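User: I'm new to this one and would like to get my bearings. Can we go through it in a few questions?

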Amino acid sequence: MAETQLSDPSNPQHAAAHPFANPGYGKRSAPDQLTRTAHDFAGLPPREAAIAAYIDRLPDGADISVKTLAKHLPYGQCALRTALNNLRRAGHLRRGREHIVGSGSARWVTRTWFSRTPRTDDWWARFAAGDVTDRGGTPAHLPTRSRAFILLAALGRENDALSLSAAECAELEPLADRWFENGATERDLLQALTAGLPVPVHSPVALVRSRLTSKLPPERPAPRPALRVLECGKCGAPGRPEALRGGECGPCRGEAAPARPPQLAPAQVHARAAALRAALPRVRG
């Protein structure tokens, strides 16, 4: 019964009571996931499916450590640790570190990334390299409106004189999109379009078009992609993403560590250096 309730996407009350981790830590949703359905984790065993559904509905920043999950789920810490390892092997979870730049400082923070959509090792490797972008989770057959269109359509609520039709919003949408491409926020755009309006406004569409063009801010430098390092889910050792198959390093999978080249004794190093010096041609003065 507990597993059935946990797997029910229409029962999100737990999210409000679940604690958050310290700022900068906790759950992080992986990008480019499919839209949530009631059958997302049907291929997992019941326990893993229930835990995955619970974590999936938690907001970013939620504390998903084993100790905290044990306080909110009907499973012990050992069972939860095993289940999380199984979710990692199934491609739903990865742990690692991310380099955060901002506020005048740069630091590495621990991350736990969760993906409702199961991912392959290759996908996680591309994600760690910054080669995965978030295209959103809305199915392609559903009509969507861009940020620019929604803001233009809402101008009439900010000021009746700027009411635009749907056709006019669609016409001006590419101009407003350029503001967001240049790094402007919704507040920046609203301020530019609504401040100091003439009285009366004879043509809202002409005025908005003029301001979108003449007040366009300069393009801001593109942000550098985040630096990420994935870690072994068992021992926590960092490693190359392609070497962490299933989120585990080779030794934790039972593979022998690669042989290290033989180390030379200090006397051998000195002897080789002397031989190299003797082989060099002498420079005559």
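User: Which residues of H3 are buried?

Analyst: This is a predicted model, so everything here is computed from it. H3 covers residues 46-57, and 10 of its 12 residues are buried, so it's mostly covered. Buried here means under 20% relative accessible area. The residues that pass are Glu 48, Ala 49, Ala 50, Ile 51, Ala 52, Ala 53, Tyr 54, Ile 55, Asp 56 and Arg 57.

User: How far does H3 reach from its first C-alpha to its last?

Analyst: With 12 residues at 1.5 Å a residue, you'd expect 16 Å. The model comes out close to that, with a reach of 17 Å.

User: Which residues in H11 does H10 meet?

Analyst: H10 passes H11 in a right-handed crossing. From H10, the residues involved are Leu 189, Ala 192, Leu 193 and Thr 194. The contact divides into six nonpolar residues, one polar and one charged. On the H11 side, the partners are Leu 207, Val 208, Arg 211 and Leu 212.

User: What share of the residues in the whole protein is buried?

Analyst: The protein has 12 helices and four strands. Out of its 285 residues, the buried share is 34%.

How values were computed:
Residues are numbered from 1 along each chain as its sequence is written. This is a predicted model: local features need pLDDT of at least 70, side-chain atom pairs count only at pLDDT 80 or more; totals for chains, interfaces and linings use all residues. Side-chain values use heavy atoms; hydrogens and water are left out. Helices (H or I, at least four residues) and strands (E, at least two) are DSSP runs, numbered from the N terminus. The expected span of a helix is 1.5 Å times one less than its number of residues. Buried means under 20% relative accessible area, exposed over 50%, partly exposed in between (1.4 Å probe, protein chains only). A crossing is left-handed if the near helix is turned anticlockwise from the far one by less than a right angle, and right-handed if clockwise. Contact means heavy atoms within 4.5 Å. Ala, Val, Leu, Ile, Met, Phe, Trp, Tyr, Cys and Pro count as nonpolar, Asp, Glu, Lys and Arg as charged, and the others, Gly among them, as polar.
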